[in-house]
Amino acid sequence: MRRRIKLETRKPKLETLRTLVAVLALMAASAAHAASSWQEDWERVLQGAKKEGRVSVIGFLAKEVRDVLTQPFEKKFGIPVEYLSASGPEVPPKLSAERKAGQFLWDVYIGGTTTSLTAMDPVGVLQPLEPSLVLPEVKESKNWHGGGPEFVDENRQILIMVRRQRGTFFANPSLVNSKSFSSYKDLLDARWKKKIVVHDPRIAGPGQATFTFFYLHPELGLQFIRALAQQEPMVLRDFRQEADAVGQGRYPILIGGNEATIEELIKQGVQLAIVEPRQLKEGSDISPGFGALSLLNRHPHPNAAKLYINWLLSKEGQVEFSRATGYVSGRLDVPSDHVAPWRVPIAGSVKTYTREAMTAREPLSALLREVFGR
């Protein structure tokens with residue numbers, strides 16, 4: 001009797017083991033099928049791209065960025081990249097004129113979100129990106145900050161590839177201790193009246209981005225902007241002129257200047273310092289610069305465009321792109337050792353590249369005309 005009972009109690013365990021083995025076998029088969037499926041898709045895309053013969057990309061003006069958006073891809077796949085260097089404002093009218101003439105010449109756009117959100121999305125020249133993602137490493141949410149690629153539009157057409165904390169506050173260290181500032185509100189002290197230079201926030205550029213940040217920040221807002229205007233700052237529109245005004249000691253402080261100009265002058269030994277966002281209570285805004293990726297609809301090289309997008313969003317492509325731009329990739333597995341620590345994005349910072357930021361531009365513009373004149 002005891003022997004029979006013992007055998008009977010073992011039987012369910014054997015059945016459980018067999019079930020487990022069967023489940024594992026099914027999972028393995030499913031994984032193998034998935035791997036085979038994306039590899040087959042990728043091979044079809046690659047062969048189709050080679051037949052199409054090229055991919056057409058509109059991108060940023062800087063040579064080092066153009067080089068990294070063309071040469072590595074061409075070397076890897078043997079497919080030429082037709083690259084148009086263009087500023088954001090140039091792109092929408094060019095596309096509009098071409099499309100009215102029945103010409104659909106471009107596949108991919110890489111630029112700023114202002115152009116994409118305010119000029120390209122509204123006229124319907126973009127299409128959703130996600131259907132073009134093939135590589136598992138690109139689709140895998142765990143590879144991205146925030147649990148997936150960051151899109152800034154409802155239709156998921158505009159993807160943020162890179163970001164960095166923006167420098168907004170600069171000073172002459174021979175005239176003022178830049179480490180003494182802990183808040184933008186310190187600028188409202190009476191001793192800084194008529195001693196601040198501001199890059200004109202009424203026009204597109206870093207000054208406008210900085211005042212958008214002020215406007216959106218819950219502890220600054222329009223009250224702070226009004227108070228800062230009452231300090232009667234010198235408002236200029238030339239990056240070098242305003243940097244020289246501070247670097248040569250005519251003014252101690254610059255707000256909203258061009259970071260690249262400031263950094264180049266610092267390298268040359270000019271008396272300029274960046275007030276790091278992490279020492280300021282309100283921080284600064286996060287910007288992707290010209291690092292937003294979009295796919296144009298009715299594009300002429302569908303396979304080559306898909307190949308290019310997946311390469312650019314892969315770890316390999318993002319290492320190249322982030323190093324060329326000096327920004328931090330949205331991918332978690334891409335090193336950021338090429339970026340100064342203060343530029344690494346701070347969690348919770350104001351984003352001046354979103355739909356909300358674009359919507360704020362109209363009331364902000366009215367406020368700026370009121371306080372700084374037309």
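Helix α11 is largely enclosed by the rest of the structure, because 9 of its 12 residues are buried. Keep in mind as you look around that this is a predicted model. The helix covers residues 302-313 and reaches 17 Å from its first C-alpha to its last, close to the 16 Å expected at 1.5 Å a residue. Its buried residues are A304, A305, L307, Y308, I309, N310, W311, L312 and L313. As background, an α-helix has 3.6 residues a turn, so residues three or four places apart point the same way.

What lies around this helix? In soluble globular proteins, nonpolar side chains tend to be buried together. Here, the largest nonpolar core holds 40 residues, and I110 and Y308 are the ones that touch the most other members. Several elements each supply at least two residues of this core: α1 (2-52), β1 (55-59), α2 (63-68), α3 (71-77), β2 (81-85), β3 (108-111), β14 (292-296) and α11. The biggest contribution is that of α11, with 8 residues.

Setting aside neighbours within four places in sequence, Y308 is in contact with V55, V57, L69, F73, V81, V108 and I110. There is also a second, separate core of 26 residues, and A171, F211, F224 and A229 are among its members.

Now follow I110 into its strand, β3. Which way do the residues of β3 point? V108 and I110 point one way, while Y109 and G111 point the other way, and all of them are buried. Strand β3 pairs with β1 in the parallel sense over 2 bridges, and with β14 in the antiparallel sense over 4 bridges. Y109 is a handy residue for seeing both pairings: Y109 is the bridge partner of I58, and Y109 also stands opposite S294 in β14.

Next, look for the aromatic rings. A pair of aromatic rings is described by the distance of the centres and the angle of the planes. The model has 16 aromatic pairs. One of them joins W42 and F77 edge-to-face, at 6.5 Å centre to centre and with 70° between the planes. W42 belongs to helix α1 and F77 to helix α3, so this pair ties together parts that are 35 residues apart in sequence. Are these two residues buried or exposed? Both W42 and F77 are buried.

Another edge-to-face pair is formed by F214 and F224, with 5.0 Å centre to centre and 75° between the planes. F214 lies in helix α7 (residues 206-216) and F224 in helix α8 (residues 221-229), so the pair ties together parts that are 10 residues apart in sequence. F214 and F224 are both buried as well. The two rings also belong to a cluster, in which ring pairs link F169, F181, Y184, W192, F211, F213, F214, F224 and F372.

The charged end of R331 sits over the ring of W144, 5.8 Å from its centre.

Finally, return to helix α3, where you will find E74. Is E74 buried, partly exposed or exposed? E74 has a relative accessible area of 28%, and because this value falls between the 20% and 50% cut-offs, E74 counts as partly exposed. Not counting residues up to four places away in sequence, E74 touches I79, P80 and V81. For a sense of distance, the C-alpha atoms of E74 and N155 are separated by 30 Å, and these two residues are 81 residues apart along the chain.

Technical notes
Residues are numbered from 1 along each chain as its sequence is written. This is a predicted model: local features need pLDDT of at least 70, side-chain atom pairs count only at pLDDT 80 or more; totals for chains, interfaces and linings use all residues. Side-chain values use heavy atoms; hydrogens and water are left out. The expected span of a helix is 1.5 Å times one less than its number of residues. Buried means under 20% relative accessible area, exposed over 50%, partly exposed in between (1.4 Å probe, protein chains only). A nonpolar core is a set of buried Ala, Val, Leu, Ile, Met, Phe, Trp, Tyr and Cys residues joined through side-chain atoms within 4.5 Å. Contact means heavy atoms within 4.5 Å. Two strands pair if DSSP finds at least two bridges between them. Rings of Phe, Tyr and Trp (its six-membered ring) pair if their centres lie within 6.5 Å; planes under 30 degrees apart count as stacked, over 60 as edge-to-face and the rest as tilted. A charge sits over a ring if NZ of Lys or CZ of Arg is within 6 Å of the ring centre and within 35 degrees of the ring normal.
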